[in-house]
Amino acid sequence: MADSTIPLIKLEPWSDADFDVLRRQNTPEMTEHLGGPESEEKLADRHRRYLDPAENGSMFRVVLPSGEVAGSTGFWDHEWDGEAAYETGYGILPEFQGRGLAVAATVAAAEAARADGRHRWLYAFPSVEHGASNAVCRKAGFELVGESEFEYPKGHFIRSNVWRLDLTAG
């Protein structure tokens with residue numbers, strides 16, 4: 001399943017104090033494969049959604065053993081091929097990239113989705129052009145099931161790989 005050399009991290013529920021994480025992730029570098037940076041208003045809307053897990057899924061800050069916040073991850077309801085499922089996403093800040101933290105965060109988010117227990121599948125939809133994000137899915141134990149036109153953010157379509165993880169396995 002997942003790579004056994006993933007670093008230690010913990011996931012903490014998204015809070016009011018985490019708006020700065022969204023701002024730091026909202027750069028041309030971090031959003032290159034996601035349609036580019038969002039306006040301050042859209043970031044504020046996203047932050048409000050992240051604060052309401054009952055309506056919008058579970059979002060987390062990714063915390064290192066030192067207490068530093070390295071980024072975010074989460075999972076939310078997403079119908080795929082007519083079936084209820086979860087979707088996941090992740091963003092590790094540039095100064096923490098290249099250490100396996102996105103894999104660790106994705107594995108931890110998958111465990112949280114597994115514990116939530118409402119759906120069998122967890123999907124991820126990285127751009128076909130985003131090699132690092134596709135590697136995260138592979139290393140976290142997802143299987144590549146195809147490609148699709150994927151809308152993210154709303155109104156912006158990208159060609160994505162479709163990765164899925166069976167939450168009932170292992």
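This is a predicted model: local features need pLDDT of at least 70, side-chain atom pairs count only at pLDDT 80 or more; totals for chains, interfaces and linings use all residues.
## Packing around the helices and the nonpolar cores

The largest nonpolar core has 27 residues, and the structure holds 7 aromatic pairs.

**Helix faces**

- Helix α3 spans residues 40–50, and its buried residues are Leu43, Arg46, His47 and Tyr50.
- Viewed down the axis of α3, these buried residues stay within an arc of 100°, so they line one face of the helix.
- In α6, the buried residues are Ser133, Asn134, Ala135, Val136 and Cys137.
- The cover over the buried residues of α6 includes β4, α5, β5 and β7.
- Just after α6 comes Gly141, which takes a positive phi of about 95°.

**Nonpolar cores**

- Within the largest nonpolar core, the residues touching the most other members are Phe96, Leu101, Leu122, Phe142 and Leu167.
- Two or more residues of this core come from each of β2 (58–63), β3 (69–80), β4 (83–92), α5 (101–116), β5 (121–124), α6 (131–139) and β7 (157–166).
- Helix α5 gives the largest share of this core, with 8 residues.
- Another core, of 8 residues, lies apart from it and has Trp80, Ala85, Trp121 and Ile158 among its members.
- Leaving out residues up to four places away in sequence, Leu122 touches Phe75, Tyr86, Glu87, Thr88, Ala110, Phe142, Trp163, Arg164, Leu165 and Leu167.

**A buried asparagine**

- Asn161 is part of strand β7.
- Its relative accessibility is 10%, under the 20% cut-off, so Asn161 counts as buried.
- The side chains of Asn161 and Asn134 make a polar contact at 2.8 Å; Asn134 is itself one of the buried residues of α6.
- Beyond its neighbours within four places in sequence, Asn161 is in contact with several residues, including Ala124, Phe125, Pro126, Leu144 and Glu147.

**Aromatic rings**

- Tyr123 and Phe125 form a stacked pair, with 5.9 Å centre to centre and 10° between the planes.
- Both partners are buried: Tyr123 has 4% relative accessibility, and Phe125 has 8%.
- Trp80, Tyr123, Phe125 and Phe150 are linked into a cluster by ring pairs.
- Trp80 also belongs to the core of 8 residues, and Phe125 is also a contact of Asn161.
- Arg164 lies over the face of Trp121, at 3.9 Å from the ring centre, and Arg164 is also among the residues that Leu122 touches.

Terms used:
Residues are numbered from 1 along each chain as its sequence is written. Side-chain values use heavy atoms; hydrogens and water are left out. A nonpolar core is a set of buried Ala, Val, Leu, Ile, Met, Phe, Trp, Tyr and Cys residues joined through side-chain atoms within 4.5 Å. Buried means under 20% relative accessible area, exposed over 50%, partly exposed in between (1.4 Å probe, protein chains only). Helices (H or I, at least four residues) and strands (E, at least two) are DSSP runs, numbered from the N terminus. Contact means heavy atoms within 4.5 Å. A polar contact is a pair of N or O atoms within 3.5 Å; within protein, one must be able to donate a hydrogen and the other to accept it, and residues adjacent in sequence count only if both atoms are side-chain atoms. The arc is that of the directions from the helix axis to the C-beta atoms. Rings of Phe, Tyr and Trp (its six-membered ring) pair if their centres lie within 6.5 Å; planes under 30 degrees apart count as stacked, over 60 as edge-to-face and the rest as tilted. A charge sits over a ring if NZ of Lys or CZ of Arg is within 6 Å of the ring centre and within 35 degrees of the ring normal.
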